[in-house]
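Visitor: I am new to this structure and would like to learn how to read its features. Might we begin with the space inside?

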Amino acid sequence: MTTIQQMTQKPFKNLIWDFDGTLFDTYPVMLKALVQALTEFGVTSIDPESLYQTTKLKSVRFVEHAFAASHHFSASELTARYHELEQAMQVDPQPYPGAKKVLEMVMARGGHNFLDTHRDQSVYRYLKDAGFESYFSGGIDADQTYPRKPDPGAILGLIAEYHLDPAETVMIGDRRLDIEAGDNAKIATIYFNVDQLNDAPMATIQVQQLSEIMPYLP
């Protein structure tokens, strides 16, 4: 298969990273907070594995609205409680193996790392605590007004603000919506198939370890 990179003959200089489930392994705590929130709202039958897969294949927001509709409670109240619990529980999230090496290599070779995340500005505290803050040139978070992925607005905003060459820029994510956002922005994509859910076959590249990104850098 001919990839976008092969067609442009340019390596991936600028990397736009999703955060949850791509850069940092935050989903175990997210799932724990979601289960507790659902339990508090009277949901008594929860299959954690099924819930995990649904959050990865869809989103936490999708799950919240689905349970709210089926159990007749407020989705917004569930969302608020979930965020309260998740922020309290998510005290020491860890980056995935290989993340630091990739971030360092991008910078060493004259490139830039950016964030495109649905998480609020708490994400910058996690980056700072992990010693990753200096690796990023900028980013888009939930406190800004861009539409959520797969809308390409945040990616296009980063490309415009930082004068990035789209042919040298790639979106990295663990979910289909990350890859669709990159496709919609007409840039290359890397699907981090960490759970082997195989949900984004359209991605330019698929990896199961972040270190597998290194050969595609300049």
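Guide: By class, 5 nonpolar, 2 polar and 5 charged residues form the lining of the largest cavity. Here Ala, Val, Leu, Ile, Met, Phe, Trp, Tyr, Cys and Pro count as nonpolar, Asp, Glu, Lys and Arg as charged, and the others, Gly among them, as polar. The model is predicted, so to speak of local features requires pLDDT of at least 70 and side-chain atom pairs count only at pLDDT 80 or more, while totals for chains, interfaces and linings use all residues. Residues are numbered from 1 along each chain as its sequence is written, and side-chain values use heavy atoms, with hydrogens and water left out.

Visitor: What volume does the largest cavity have, and which residues line the largest cavity?

Guide: A cavity is a set of points, on a 1 Å grid over the protein atoms alone, where a 1.4 Å probe fits but cannot get out; lining residues have an atom within 4 Å of a point. Grid points are joined across faces, edges and corners, and a volume is the space filled by probe spheres set on the points. In this model there is 1 cavity of 30 Å³ or more, and the largest cavity has a volume of about 60 Å³. Its lining consists of K56, L57, D174, R175, Y191, F192, N193, V194, D195, Q196, L197 and D199. Two or more of the lining residues come from each of α3 (48–57) and β5 (188–192). Such helices (H or I, at least four residues) and strands (E, at least two) are DSSP runs, numbered from the N terminus.

Visitor: Which residues are the closest to the centre of the largest pocket?

Guide: A pocket is an open set of points with protein on both sides within 12 Å along at least five of seven lines. The largest pocket has a volume of about 450 Å³. Of the 22 residues that line this pocket, Y82, H83, H118, R119 and R148 are the closest to its centre. The helices α2 (27–40), α4 and α5 each give two or more residues to the lining, and α5 gives the most, with 5 residues. Sorted by class, the pocket lining has 5 nonpolar, 8 polar and 9 charged residues.

Visitor: At what angle do α4 and α5 pack?

Guide: Axes are lines fitted to C-alpha atoms, for helices over the stretch in contact, and angles run from 0 to 180 degrees between N-to-C directions. Helix α4 (residues 60–71) and helix α5 (residues 75–89) pack at about 135 degrees, with axes 9 Å apart. Angles under 35 degrees count as roughly parallel, over 145 as roughly antiparallel, 65 to 115 as roughly perpendicular and the rest as oblique; α4 and α5 are therefore oblique to each other. In contact (heavy atoms within 4.5 Å) are V60, E64, H65 and A68 of α4 with A75, L78, T79 and Y82 of α5. These residues divide into 5 nonpolar, 2 polar and 1 charged.

Visitor: How are α2 and α3 placed relative to each other, parallel or perpendicular?

Guide: The axes of α2 and α3 cross at roughly 115 degrees and come within 11 Å, so the two helices are roughly perpendicular to each other. From α2, Y27, L31, L34, V35 and L38 meet P48, L51, Y52, T55 and K56 in α3. That contact has 8 nonpolar, 1 polar and 1 charged residues.

Visitor: Within what distance do the axes of α2 and α5 come?

Guide: The axes of α2 and α5 come within 8 Å and cross at roughly 135 degrees. The pair α2 and α5 is therefore oblique. Among the residues in this contact are L34 and L38 of α2, and L78 and Y82 of α5.
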